Amino acid sequence: MTDAPLKSQYWSGFRQGLPFMLVVVPFGLLFGVVASESGFTPVQIMAFSSVVFAGASQFAALQLMVEDAPFLIVVATALAVNLRMAMYSASLAVWLGEAPLWKRALIAYVNVDQSYAVSVNRYEDRPQMSLAARIAFFFGAVTPICPVWVLATGVGIWVGDAIPEWMALDFAVPICFLAIIAPMMRTLAHMVAALVSIVLALALAGLPYNTGLLIAAIVAMIVGARVEVMSARRVPA
Amino acid sequence: MSAAYIWTVILVLGVGTYLIRFSFLGLIGGRRLPDWALRHLRYTAVAVLPGLVAPMVLWPAATGGEVDPARLSAALATFGVGILTRNVIASILTGGVVLYGMLALTAGY
């Protein structure tokens, strides 16, 4: 028994990616709205969403730029938000590392939380999938997510001012973030890391140049890794 | 914020983010990362995002940095439902309902 035809792999990826549109659309809309309220031009906003192409880091950068944080802090914090993608890249490489360079270069561009999660789940469930099938599935999963992100940003710029103040749109950003963070609380180590991040970010909020968040993140990351090692030791082998 | 500044941030972030995404996919054959590195990378998202959100929740700009019961309860509801259901949509909807409900309730004060 060989793989199902590539076309059906593509569509099965597409179906798995589809529900994420419900998150990507409001998040993208919101970026368009918030960025245009912060004084960015439509061209800059569209470039932001299509060149950087990473929602959480875009909001982080935007927030810090509005607060007049220095360039290096803006870049370091936003890139720190994206560091997790190095992990995605490493785990996708196990499954897609044999693909030609140009395909890997394209896969890297659309290597986002959702496409990564959906694809690696699938690859682990069906280790016998061929390389071509894995690639078809990956691009299927990406199709309802990535173009939609850029489109939603555009719509956000367009509707921007039409959104009334009572809708308290300011708070849609933290709500979206919290909804994304909550399912990440998989283990004790994740919870402790998140707690350290919150406590230190609040305690260090007064530090100049918004360095507090960066320090909080580095310490939280180290603590998370330590807790993981400690919990692994406690479990008998 | 000058246009040049905004464009520089976009380009540097774009290139940096792409290099992060390409990093290991770019190395042929999927060489393994050392365990200690993977162990730290696993916690980057939970190390950065909660710290980024916490001040927005506790000291929202919309209320001039004053703690706001409506926003605080919406945040807690979003996070609670997210932990219980692991469902992003359910958790966003709950947050929205609580936010508008509480804003309507506290509107008179």
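Which domains does the domain assignment of chain A give? Domain 1 covers residues 6-183 and domain 2 covers residues 185-237. Please keep in mind, everyone, that this is a predicted model.

Let's stay with those two domains for a moment. Taken over C-alpha atoms, the centres of domain 1 and domain 2 of chain A are separated by 24 Å. Where they touch, domain 1 of chain A supplies 10 residues and domain 2 of chain A supplies 8 residues. On the domain 1 side, helix H5 of chain A, residues 71-82, gives the most, with 4 residues. Sorted by class, that side of domain 1 has 8 nonpolar, 1 polar and 1 charged residues.

Now for something that comes from a record. UniProt, in an unreviewed entry, places the feature "transmembrane region" at five stretches of chain A: residues 17-35, 47-65, 71-96, 131-151 and 163-181. I picked two of them to look at in the model. Over residues 71-96 of chain A, the chain is 96% helix and 0% strand, and the end C-alpha atoms lie 35 Å apart. Over residues 163-181 of chain A, we get 53% helix and 0% strand, with 26 Å between the end C-alpha atoms.

Next, please find helix H12 of chain A, residues 188-203. This helix has 16 residues and reaches 22 Å from its first C-alpha to its last, close to the 22 Å expected at 1.5 Å a residue. Its buried residues include A:Ala189, A:His190, A:Val192, A:Ser197 and A:Leu200. And what do the buried residues of H12(A) pack against? In chain A the partners are helix H11 (172-181) and helix H13 (211-234), and from chain B comes helix H3 (44-58).

That brings us to the meeting of the two chains. Here, 62 residues of chain B are in contact with 75 residues of chain A. On the chain B side, the elements giving two or more residues are helix H1 (3-26), helix H2 (35-41), H3, H4 and H5 of chain B. Of these, H1(B) gives the most, with 16 residues. By class, the side of chain B that touches chain A has 42 nonpolar, 15 polar and 5 charged residues.

Buried in H5(B) are B:Val88, B:Ser91, B:Ile92, B:Thr94, B:Gly95, B:Val98 and B:Leu99. Seen down the axis of H5(B), those buried residues fall within an arc of 160°, so they line one face of the helix. The face turned away from that buried side carries the exposed residues B:Val97, B:Ala104 and B:Leu105. As for packing, the buried residues of H5(B) meet helix H2 (21-37) and H11 of chain A, together with helix H4 (69-85) of chain B.

Why is A:Val51 classed as partly exposed? A:Val51 has 16 other C-beta atoms within 10 Å, whereas a buried residue needs 20 or more and an exposed one has 12 or fewer. Leaving aside residues up to four places away in sequence, A:Val51 touches B:Ile10 and B:Gly14. Its C-alpha atom is separated by 31 Å from that of A:Ala225, which sits 174 residues away along the chain.

Methods. Residues are numbered from 1 along each chain as its sequence is written. Chains are lettered from A and ligands numbered from 1 in the order in which they are written. This is a predicted model: local features need pLDDT of at least 70, side-chain atom pairs count only at pLDDT 80 or more; totals for chains, interfaces and linings use all residues. UniProt positions are given in the numbering used here, feature names are shortened, and annotations may be inferred rather than shown by experiment. Two residues are in contact if their C-beta atoms, placed from the backbone, lie within 7 Å. The expected span of a helix is 1.5 Å times one less than its number of residues. The arc is that of the directions from the helix axis to the C-beta atoms. Ala, Val, Leu, Ile, Met, Phe, Trp, Tyr, Cys and Pro count as nonpolar, Asp, Glu, Lys and Arg as charged, and the others, Gly among them, as polar. Domain bounds come from an automatic or database domain assignment.
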